[in-house]
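Trainee: I have a model open and would like to learn how to read it. Could you take me through it feature by feature?

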Amino acid sequence: MKLTATEGTQTTKTNSIVCQKCEGNGCVACSQCKGGGVNLIDHFNGQFKAGGLCWLCRGKKEVLCGECNGAGFLGGFLSTFDE
């Protein structure tokens, strides 16, 4: 692998596209609480009770998108999409 420095000009990735799953937001509704922020059922043998804060999103109602890793677009930072 060979690393070289750029000339100081910023480059854009021409193949970067908005993530379809999160529509560029970077977050999607939590799959465990369905975006409600609370557990719908008991989880892990009652360790997380129904009605308590969601064990996955901790009540935030959203989690990072798994398609773009929260970036909101594909082919961006630390990606090999262009190569």
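Here we go from the overall fold to single residues.

Mentor: Some ground rules come before the tour. This is a predicted model, so local features need pLDDT of at least 70 and side-chain atom pairs count only at pLDDT 80 or more, while totals for chains, interfaces and linings use all residues. Residues are numbered from 1 along each chain as its sequence is written, and side-chain values use heavy atoms, with hydrogens and water left out.

Trainee: Thanks! How many helices and strands does the secondary structure come to?

Mentor: Helices (H or I, at least four residues) and strands (E, at least two) are DSSP runs, numbered from the N terminus. In this protein there are zero helices and four strands, and the pattern along the sequence reads β-β-β-β.

Trainee: And what share of the residues count as buried?

Mentor: Buried means under 20% relative accessible area, exposed means over 50%, and partly exposed is in between, with a 1.4 Å probe and protein chains only. Of the 83 residues here, 20% count as buried. The protein exposes about 6,500 Å², and carbon and sulfur atoms supply 53% of that area. Those areas come from the Shrake-Rupley method with a 1.4 Å probe; for residues, only the protein chains shown count as cover.

Trainee: Which residues make up the largest nonpolar core?

Mentor: In soluble globular proteins, nonpolar side chains tend to be buried together. A nonpolar core is a set of buried Ala, Val, Leu, Ile, Met, Phe, Trp, Tyr and Cys residues joined through side-chain atoms within 4.5 Å. The largest one here has five residues: Cys 19, Cys 22, Val 28, Cys 65 and Cys 68. Contact means heavy atoms within 4.5 Å. Leaving aside neighbours within four places in sequence, Cys 68 is in contact with Cys 19 and Cys 22, and also with Gly 26, Phe 73 and Leu 74.

Trainee: With those cysteines in mind, how many disulfides does the count come to?

Mentor: A disulfide is a covalent bond between the sulfur atoms of two cysteines. The rule used here asks for a pair of cysteine sulfur atoms within 2.5 Å, and by it the count is zero. Take Cys 19: its closest cysteine sulfur is in Cys 65, 3.7 Å away, so the pair is too far apart for a bond. Cys 54 is in no disulfide either, as the nearest cysteine sulfur, that of Cys 30, is 3.7 Å away. Cys 19 counts as buried at 2% relative accessibility, and Cys 54 is buried with a relative accessible area of 0%.

Trainee: Is Asn 39 buried or exposed?

Mentor: Asn 39 counts as buried, because its relative accessibility is 4%. Its place is in the loop between β2 and β3. A polar contact is a pair of N or O atoms within 3.5 Å; within protein, one must be able to donate a hydrogen and the other to accept it, and residues adjacent in sequence count only if both atoms are side-chain atoms. A polar atom of the Asn 39 side chain lies 3.1 Å from the backbone oxygen of Leu 53. Beyond four places in sequence, Asn 39 touches several residues, including Phe 48, Gly 51, Cys 54 and Trp 55.
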